[in-house]
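Have a look at the model first, then read on.

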Amino acid sequence: MRHRKYAVLVSVLLVSLLLLSLGTRGGRLGRPGELLAFFITPLQATLSKIQSSALGTWSAYLDWKNARRENQALREELERLRIQSLQVEDTERENLRLRRLLALRDRLPLSTLAGEVIAKVWGGWVRSVTVNRGRSDGIARLTPAIVPEGLLGRVVEVRARAAVIQLLNDPSSAVAVMVQRTRTAGVAEGEPGGAVRLKFMARDGGGAQVGDLIVTSGLGGVFPKGLPVGRVIAVEDKGSALFHYARLHPVADFARVEEVLLLTGTTGADLLPHFSFEPLEPGA
Amino acid sequence: MRVSLALMLLGGGLAHTSVAPALRLGAVAPDIPLILTVLLGLRRGPEVGCLSGFVVGLLQDVAGGGFVGAQALTKALAGFVAGLIGERLLVGNPLVQVPGLVLLTLAEGLGRYWLLQLLHFPAAFGEVMLHVVLPQALYNGFLGAAGVLAVSVLEAYRSGSLWR
């Protein structure tokens with residue numbers, strides 16, 4: 001019993017040597033490996049299948065995990081690029097707006113001062129914007145404010161470094177205007193609903209039609225003549241009434257205005273030829 | 001117990017042709033049957049180590065298409081020696097088992113080379129030791145350490161001491 005382990009060792013070594021001997025010289029059993037392989041090969045094949053299946057599953061899992069990580073990274077990249085694209089687009093639009101404002105400033109035959117909108121009031125009672133130009137810049141009350149498309153409003157309150165501009169559609173706004181085609185005089189008034197209407201006295205051969213351009217008349221001395229105000233989109237015919245009304249679509253986009261020109265100088269010339277009606281689109 | 005041992009040996013022997021290639025690092029693949037043999041020898045004694053080495057070695061010989069009996073002999077010897085070491089030394093500590101595994105891998109490589117030299121194996125000793133035996137011994141040590149750790153955790157879990 002004590003020497004059993006050595007007996008096992010000797011037996012195993014002898015068997016091994018016998019197998020080696022048979023295998024190298026060839027004997028009655030042929031290559032013993034072939035006999036053993038007969039039993040082992042199916043097991044090997046089965047194990048190989050199990051292994052390849054397990055590896056396949058693992059590989060599929062890794063692929064899925066990588067794809068998920070990649071997907072996440074691509075989403076983040078897409079989001080970043082989308083924001084970047086929006087920023088570029090925004091800058092491009094701003095650049096275009098400023099270029100148009102600058103071009104208008106160069107064309108106008110009177111002195112102007114550009115201002116940036118720093119606040120907006122968009123309620124039913126008051127509609128105004130505040131710009132970063134004030135008393136220190138030489139801005140006075142009732143200074144007209146324009147955008148590249150036309151009239152925006154007038155300064156109603158001047159502070160040290162800011163000015164409040166009453167918009168055309170403010171309910172208390174009234175601007176002396178005329179129909180550009182017929183020269184019919186009228187008043188463009190703001191409405192509590194945010195629209196602008198034209199109040200005018202229709203005479204024979206005068207009046208307004210849908211599509212007519214309304215410009216400032218220069219009467220009253222506040223606004224220079226020929227500043228575009230809006231286009232007629234509907235006419236309310238009051239029959240024999242003294243005053244007639246027309247609904248206007250203002251040329252200025254009050255909700256989106258960001259930069260303005262303040263007309264600090266005066267002129268008696270008609271300013272309409274200095275305005276162009278281009279769409280505000282990048283590349284336009 | 002014997003059935004599980006037999007399954008372990010069969011799996012370990014065949015794993016050499018299926019799992020080991022998947023675990024290779026460059027040109028070096030671990031000798032999983034040898035790791036199994038040495039760890040069994042250390043834990044179960046020379047008889048089990050010797051027989052285990054013989055079985056897995058034989059399976060390797062057959063699967064690999066070499067000289068049938070060569071690895072059976074060297075691994076049987078390695079398992080036996082591991083068993084003898086296990087009887088005489090405290091081998092419960094992984095710090096003993098892992099270096100033991102590395103040394104026995106080197107010894108088995110030397111033994112196999114010597115045996116194959118008798119059968120006119122053509123490769124040079126230095127090349128075999130440098131490119132095959134030594135890297136494999138180190139890899140075996142690394143893999144054996146992982147195996148020992150896994151077995152320790154499993155045993156601790158089964159005895160319930162892991163969570164106490």
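Let's start at a contact between chains: Arg4(A) forms a salt bridge with Glu47(B), with the closest N and O atoms 3.0 Å apart. A salt bridge here is a side-chain nitrogen of Lys or Arg within 4 Å of a carboxyl oxygen of Asp or Glu. This pair runs from helix α1 (residues 4-25) of chain A to helix α3 (residues 46-64) of chain B. Helices (H or I, at least four residues) and strands (E, at least two) are DSSP runs, numbered from the N terminus.

Before going further, the ground rules: this is a predicted model, where local features need pLDDT of at least 70, side-chain atom pairs count only at pLDDT 80 or more, and totals for chains, interfaces and linings use all residues. Residues are numbered from 1 along each chain as its sequence is written, chains are lettered from A and ligands numbered from 1 in the order in which they are written, and side-chain values use heavy atoms, leaving out hydrogens and water.

**Salt bridges**

Over all chains, the structure holds 18 salt bridges.

| Pair | N to O distance |
|---|---|
| Arg4(A) and Glu47(B) | 3.0 Å |
| Arg97(A) and Glu259(A) | 2.9 Å |
| Arg112(B) and Glu108(B) | 3.2 Å |

How covered are these residues? For the terms, buried means under 20% relative accessible area, exposed over 50%, and partly exposed in between (1.4 Å probe, protein chains only). Arg4(A) is partly exposed because its relative accessibility is 44%, and Glu47(B) is partly exposed at 25%.

Arg97(A) and Glu259(A) are both buried.

Arg112(B) is partly exposed at 21% relative accessibility, while Glu108(B) is buried at 5%.

There's also a salt-bridge network, which links Glu189(A), Glu191(A), Arg197(A) and Arg247(A).

**Surface patches**

Patches are made of residues with over 30% relative accessible area and no salt bridge; like charges are joined within 9 Å, and nonpolar side chains (Val, Leu, Ile, Met, Phe, Trp, Tyr) within 5 Å. A negative one on the surface gathers Glu89(A), Asp90(A), Glu92(A), Glu94(A) and Glu116(A). Helix α2 (residues 32-107) of chain A supplies the largest share, four residues. Asp90(A) is in that helix and is partly exposed, at 48% relative accessibility.

The nonpolar patch is made of Trp58(A), Tyr61(A), Leu62(A) and Trp64(A), with about 440 Å² of accessible area together. Areas come from the Shrake-Rupley method with a 1.4 Å probe. Tyr61(A), also placed in helix α2 of chain A, is partly exposed at 37%.

Chain B has six helices and zero strands, and 47% of its 164 residues count as buried. Its helix α2 (residues 32-44) has 13 residues and reaches 18 Å from first C-alpha to last, close to the 18 Å expected at 1.5 Å a residue; that expected span is 1.5 Å times one less than the number of residues. Eleven of the 13 residues are buried, including Ile32(B), Pro33(B) and Gly41(B). After α2(B) comes Gly45(B), with a positive phi near 100°.

Technical notes:
Lys and Arg count as positive and Asp and Glu as negative; His and the chain ends are not counted. The place of a charge is taken as NZ of Lys, CZ of Arg, CG of Asp or CD of Glu.
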